[in-house]
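Biologist: Can you walk me through this one? I'd like to start with how the chains meet.

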Protein chains: 2
Amino acid sequence: MKYSTRLADAAHVMLFIHNAKAPAISSAEIAKSICTNPAYVRQLMAKLKAAGLLLSTRGAAHPQLTRDPADISLLDVYNAVEGGKPLLHLDTHVNPECNVGVYIQYALDAHYADVQKAAEARMAKITLADIYGTFLDLCEKAQVTPPCQSGT
Amino acid sequence: MKYSTRLADAAHVMLFIHNAKAPAISSAEIAKSICTNPAYVRQLMAKLKAAGLLLSTRGAAHPQLTRDPADISLLDVYNAVEGGKPLLHLDTHVNPECNVGVYIQYALDAHYADVQKAAEARMAKITLADIYGTFLDLCEKAQVTPPCQSGT
DNA sequence: ATATCATGTAATTTTGAAAATTGCAAGCTG
DNA sequence: CAGCTTGCAATTTTCAAAATTACATGATAT
């Protein structure tokens, strides 16, 4: 399949909104930055809203974060848009008549959980403020002025 | 896309071979356990071989692990079959004319690397012997006799 | 108040990476 | 030699995600 870029796109949406100086930001504007379509952006925003990370109102183009970026972790965003989907996937289609096959996957399941936990623990420590900070650093190093939503 | 189950399948192959008492194990036999086809199993085995985890000879059905399962980590297997493919994926198709979009993804990249490192560090601590141990425990709890390659 | 632009959401189509399949040359083994 | 096997390349199928389409509902400004 295609790789899921929902976490990257959702973080993009959140940071784009945070970075915006203008009061009004439409899904169309955000979509242009991600090179996608407004409906997809709104789907992401709906999930972020359901997770309590974003506020938005029908008909009005002024979304806003519910909390300070320092209080929103990458894990929050991950849970919002990937909803429990694991990073590693078992092969659930093994031969049910083969005990070895069945129980090897069960055994793997237990250890996959540890990897998932480690990844999530790390994501919990990364905040949107951290990412935004890195963003500003990179922009400075490249001598680029952040705002683009006014121009493009 | 489909989810990749290569890591789970490759671990399955390794443990199936380790668990086998019979000297001869064909790719067809392993494939039956994973509910797949021999060619796919051989593709995985080719990668495991290239990574130095497995020995096999053309024409002869007697593969064997190159090291003790206690000396083979889940990360070894992951690197062998996923070859540097990350767990999280950036959105590389952003608008190149939007600095915000471009640099947000660059910033994310840096933090994704930390998550990847954490996951890999955890995988490095899990050995095939650990997984095989869990496998035996689960079999015992379920009162199931492990070997299946003799029967099915 | 009404024309215009936004959101929210469902339904459908397209895309793309992985698995499945096919085919066959090369090699072991009885 | 006959009947297995592996190794590997090429093709087809699968299926989750993204893209697209459509439209009802709601805001906003002139």
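**Chain B meets chain A**

Modeller: Two salt bridges are counted between chain B and chain A. A salt bridge is a side-chain nitrogen of Lys or Arg within 4 Å of a carboxyl oxygen of Asp or Glu. This is a predicted model, where local features need pLDDT of at least 70, side-chain atom pairs need 80 or more, and totals for chains, interfaces and linings use all residues. Residues are numbered from 1 along each chain, chains are lettered from A in the order written, and side-chain values use heavy atoms, without hydrogens or water.

Biologist: How far apart are the closest N and O atoms of A:R122 and B:D114?

Modeller: They are 3.5 Å apart, and the pair forms a salt bridge.

Biologist: Which helix gives the largest share of the side of chain B that touches chain A?

Modeller: α5(B), with 18 residues. Helices are DSSP runs (H or I, at least four residues), numbered from the N terminus.

Biologist: How many residues are in contact?

Modeller: 62 of chain B with 62 of chain A. Contact means heavy atoms within 4.5 Å.

Biologist: New topic. Which residues of α6(B) are buried?

Modeller: B:L128, B:I131, B:Y132, B:T134, B:F135 and B:C139. Buried means under 20% relative accessible area, exposed over 50%, partly exposed in between (1.4 Å probe, protein chains only). They cover an arc of only 160 degrees around the axis, so they sit on the same side of α6(B). The arc uses the directions from the helix axis to the C-beta atoms.

Biologist: What is on the other side of α6(B)?

Modeller: B:E140 and B:K141 are exposed there.

Definitions and conventions
Helix = DSSP H or I, 4+ residues; strand = E, 2+ residues; numbered from the N terminus.
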